[in-house]
Amino acid sequence: GGTSLAKPSPSLGRLLINDTRVPIMEEVDDTKCIKETELKRATGADTLLARLLFSNVQLRSGRRMLPVFTANTLPQLHAQRDTNAHGAMRKRLLVIEAPNHFV
């Protein structure tokens, strides 16, 4: 058998190609959930694998990222259904509130 390729993930692929260490995601959609597995892979010691669309070249990086999210409402976590997993994920997050109102 051959080696299977990583799924196409153009966003992650661009981050790996550009050697991005602090990706900034602005105006995160509050109707979507943060995928804990992806966040753990990006911030942990795992090797990241990605592939651009229509490419068989597999990108690989062992570097850690520090993702920064900006949002008006804190996005939900998938782990909210599991109390232990939710607590562990919350420890990975630093929420900085900016209670400013603009008219």
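F54 sits in the loop between β3 (48-51) and β4 (58-61); helices (H or I, at least four residues) and strands (E, at least two) are DSSP runs, numbered from the N terminus. With a relative accessible area of 85%, F54 is exposed (buried is under 20%, exposed over 50%, partly exposed in between, with a 1.4 Å probe and protein chains only). Keep in mind that this is a predicted model: local features need pLDDT of at least 70, side-chain atom pairs count only at pLDDT 80 or more, and totals for chains, interfaces and linings use all residues. Residues are numbered from 1 along each chain as its sequence is written, and side-chain values use heavy atoms, leaving out hydrogens and water.

**Positive phi angles**
- F54 isn't a glycine, yet its phi is positive, at about 60°.
- D19 is another non-glycine residue with a positive phi, near 55°.
- You'll find D19 in the loop between α1 (10-17) and β1 (24-25), where D19 is partly exposed at 40% relative accessible area.

**A nonpolar surface patch**
- V22, I24, L66 and V68 make up a nonpolar patch on the surface, with about 350 Å² of accessible area together (Shrake-Rupley method, 1.4 Å probe; for residues, only the protein chains shown count as cover).
- Patch residues have over 30% relative accessible area and no salt bridge; like charges are joined within 9 Å, nonpolar side chains (Val, Leu, Ile, Met, Phe, Trp, Tyr) within 5 Å.
- A salt bridge here is a side-chain nitrogen of Lys or Arg within 4 Å of a carboxyl oxygen of Asp or Glu.
- L66 belongs to the loop between β4 and β5 (68-69) and is exposed, at 55%.
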